[in-house]
Amino acid sequence: MTTVDDQGRPEPPFDGDEATTLLGFLDFHRATLAWKCAGLDAAGLRATHPPATMTLGGLLKHLAFVEDHWFSHVLQGGDRMAPFDAVDWAATPDWDWDSAAGDTPEQLRELWAAAVERSRTATKEALAGGDLGQRARRALRDGNTPTLRWILVHMVEEYSRHNGHADLVREAIDGSTGE
């Protein structure tokens with residue numbers, strides 16, 4: 001049984017195997033982002049903590065892209081999900097961050113949730129066919145091909161770093177604090 005904390009986040013297991021532990025920490029950090037963005041309207045998701053221009057809406061869209069990139073595009077070797085498949089990333093490298101201001105809170109939350117669900121499915125499928133040492137189907141620009149283990153650790157790091165940003169932005173919006 002999964003233990004859930006006061007904010008509704010699943011606690012990572014204390015005695016899980018490597019895959020279960022990594023997935024536990026990733027889901028904890030995903031739930032932390034959801035908590036930091038909960039209850040905010042469009043103005044809240046567009047608010048910044050000057051001098052930074054980062055928004056919680058931008059974080060949701062960026063992390064939706066990151067989920068899709070690492071799990072669907074790199075790990076599975078598939079096409080990017082919409083709307084990321086139609087972006088000219090060379091011309092607009094910050095599109096995910098910048099375009100979030102034009103999205104509704106519902107669109108941002110749904111985009112992120114759909115990307116997370118696709119990532120969970122991709123991970124489950126990968127683990128059913130191999131272990132954490134299996135290589136992704138798509139190589140990176142530098143020619144390296146990460147393992148599933150590397151992707152999971154990277155995603156924990158990505159969320160951990162951005163959840164620190166989310167803490168600061170949310171506190172600036174309405175004074176809400178907490179890990």
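Trainee: What covers the buried residues of α1?

Mentor: The cover includes α2 (42–46), α3 (56–75), α5 (105–129) and α6 (148–174). Helices (H or I, at least four residues) and strands (E, at least two) are DSSP runs, numbered from the N terminus. Buried means under 20% relative accessible area, exposed over 50%, partly exposed in between, with a 1.4 Å probe and protein chains only. This is a predicted model: local features need pLDDT of at least 70, side-chain atom pairs count only at pLDDT 80 or more, and totals for chains, interfaces and linings use all residues. Residues are numbered from 1 along each chain as its sequence is written, and side-chain values use heavy atoms, with hydrogens and water left out.

Trainee: What radius of gyration does the chain have, and what would a compact globule have?

Mentor: The rule is 2.2 Å times the number of residues to the power 0.38, with the radius taken over C-alpha atoms. For 179 residues a compact globule would be near 16 Å; the chain has 16 Å, which agrees. Of those 179 residues, 41% count as buried. Contact means heavy atoms within 4.5 Å. Among contacts with a separation of 6 or more, 67% join residues 24 or more positions apart.

Trainee: What span does α1 reach, and what is expected?

Mentor: The expected span is 1.5 Å times one less than the number of residues. Helix α1 (residues 18–37) has 20 residues and reaches 29 Å from its first C-alpha to its last, close to the expected 28 Å. Its buried residues include Ala19, Leu22, Phe28, Arg30 and Cys37.

Trainee: How do I describe two packed helices?

Mentor: Use the angle between their axes and the distance between the axes. Axes are lines fitted to C-alpha atoms, for helices over the stretch in contact, and angles run from 0 to 180 degrees between N-to-C directions. Angles under 35 degrees count as roughly parallel, over 145 as roughly antiparallel, 65 to 115 as roughly perpendicular and the rest as oblique. Here α1 and α5 pack at about 175°, axes 12 Å apart. They are therefore roughly antiparallel. The α1 side of the contact includes Leu23, Asp27 and Leu33; the α5 side includes Trp112, Val116 and Ser119.

Trainee: Which residues does cysteine 37 touch?

Mentor: Leave out residues up to four places away in sequence; then cysteine 37 touches Leu45, Leu56, Leu60, Arg109 and Arg170. Cysteine 37 sits in α1 and is buried, at 2% relative accessible area. Aspartate 167 is 130 residues from cysteine 37 in sequence, but 9.8 Å away in space, C-alpha to C-alpha.

Trainee: Is aspartate 68 buried or exposed?

Mentor: Buried, with a relative accessible area of 1%. Aspartate 68 belongs to α3. Beyond neighbours within four places in sequence, aspartate 68 contacts His73, Arg80, Met81, Phe84, Arg118 and Ser119.

Trainee: Where should I look for backbone exceptions?

Mentor: Most residues other than glycine have a negative phi, and most peptide bonds are trans. Just after α1, glycine 39 takes a positive phi of about 75°. Proline 50 and proline 51 are joined by a cis peptide bond, omega about 10°. Proline 51 lies in the loop between α2 and α3. Another cis bond joins alanine 82 and proline 83, omega about 5°. Proline 83 is in the loop between α3 and α4 (95–99).
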